[in-house]
Amino acid sequence: MTLRVGIVGCGRIAPNHVQAFRETPGVTLVGCLDTDAERAQAFADAHALPHAFTNFADMVEAGVDAISVCTPHPVHEANVLEAASAGVHVLCEKPIAVDTATADRMIKAADDAGIVLAVVFQRRLWPAAQRIKKAILDGRIGQPNLAEVSVVLHRDSSYYSQDPWRGKWDTDGGGVLMTQAVHQIDMLQWFLGEPVSVSGLIRTHFHDAHMETEDSASAIVEFASGATATITATTGAGHNLGNRIQLVGETGAVVSLTEFPEGQEGVNDLWLVPGETEIHAPFDIDVPGTQDLADINGRLTDFHKAQVQDFAASILESKQPVVTGADARVSLRIIEAIYESSRTGQRVFIKEEKAE
């Protein structure tokens, strides 16, 4: 079977999807879709795609089996519901949605239609991330009891002003938590399990002239296991130090995963597991303190490809994708709870919530 795929949304991350699908056996790219006809045609021309569409019905008529959703966050729901109604499988960029009620509708629509709904969290496929997960499961780390997430990034003001939908509650759904730190929050809950409570604060310290959402956040998350974790995140740093997650396990093991520069494949710079000791310097003074967004996205392409290949296999082999819609809902719920906690000044308790 040949899987016929369309790209929905022709923004900054869409080229990663085109390249990833193009390098996936058994996949044919049908075309791209954008509500801006000129943008769609320019993207199709730039990437040698056969068709440029401006509405989903035309893409479906062209015979797509699956789509990649690369649109702004609040549009994800409409894309997924249209796809579900047409029986078209979906790979959706993160975050799955801007609130859990929306995510629940998307998950239910996909389940009712019997389509695959996968969400892009390609960092889970890094060998260093898989190594940590395996060491948790086989007992060498054991249950993580303590963790910290650090997201220290640089974004110029132009990042928000050139794409005016960014940094606004109604069109972006959030700031550094929703757009950048969501990757590390996803990995945190993948390692530590079910979150049960969140306390957090959000602030706009650096980009208040260009955004209304947060450019900085701090939070404490408690998990059902009793583990606790801290999260700090900003896009206001003058030097882009990338992303890091560190765990202390019940065996006393200390392990970390550092992504430097941003977009570079993460490495285990600390691996202090009983009987195993590795320490590596995570940072390089010769790496520029600021990073172009195209370069950051470009470094992620190989692992976009790995997740795209998993998505294709989940359709062709009728198996679960590596990150389902329900999986992606968990990180969104943590972020939603941080926003609620910051707004109310109260600790937010998260119940076991599932789409009906």
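## Pocket and cores

Three helices, α4 (76-85), α9 (176-192) and α10 (293-299), each put at least two residues into the lining of the largest pocket. Keep in mind that this is a predicted model. α9 gives the largest share of that lining, with 4 residues.

How much space lies in the largest pocket? About 850 Å³. A total of 45 residues line the largest pocket, and Ile13, Cys70, Thr71, Trp165 and Arg166 are the closest to its centre.

| Type of lining residue | Residues in the largest pocket |
|---|---|
| Nonpolar | 16 residues |
| Polar | 17 residues |

Now for the packing. In soluble globular proteins, nonpolar side chains tend to be buried together. Here the largest nonpolar core holds 77 residues, and Ile67, Ile96, Leu177 and Phe191 touch the most other members. α9 turns up again, supplying the largest share of this core with 11 residues. There's also a second, separate core of 25 residues, and among them are Ile13, Ala14, Phe21 and Ala44.

Take a look at Phe191. Leaving out residues up to four places away in sequence, Phe191 touches Ala129, Ile132, Lys133, Ile136, Pro144, Ile245 and Leu247.

One of those partners, Ile136, sits in helix α6 (residues 127-137). Is Ile136 buried or exposed? Its relative accessible area is 12%, which is under the 20% cut-off, so Ile136 counts as buried. Setting aside neighbours within four places in sequence, Ile136 is in contact with Ile141, Gly142, Pro144, Phe191 and Leu247. Ile136 and Glu250 are 114 residues apart in sequence, yet their C-alpha atoms are 9.6 Å apart in space.

Terms used: Residues numbered from 1 in each chain as written. Predicted model: local features only at pLDDT ≥ 70, side-chain atom pairs only at ≥ 80, totals over all residues. Heavy atoms only, no water. 1 Å grid on protein atoms, 1.4 Å probe; cavity = no way out; pocket = protein on both sides within 12 Å on 5 of 7 lines; lining within 4 Å. Points joined across faces, edges and corners; volume = space filled by probe spheres on them. Nonpolar A, V, L, I, M, F, W, Y, C, P; charged D, E, K, R; others polar. Core = buried A, V, L, I, M, F, W, Y, C linked by side-chain atoms within 4.5 Å. Buried < 20%, exposed > 50% of the residue type's maximum accessible area, 1.4 Å probe, protein only. Contact = heavy atoms within 4.5 Å.
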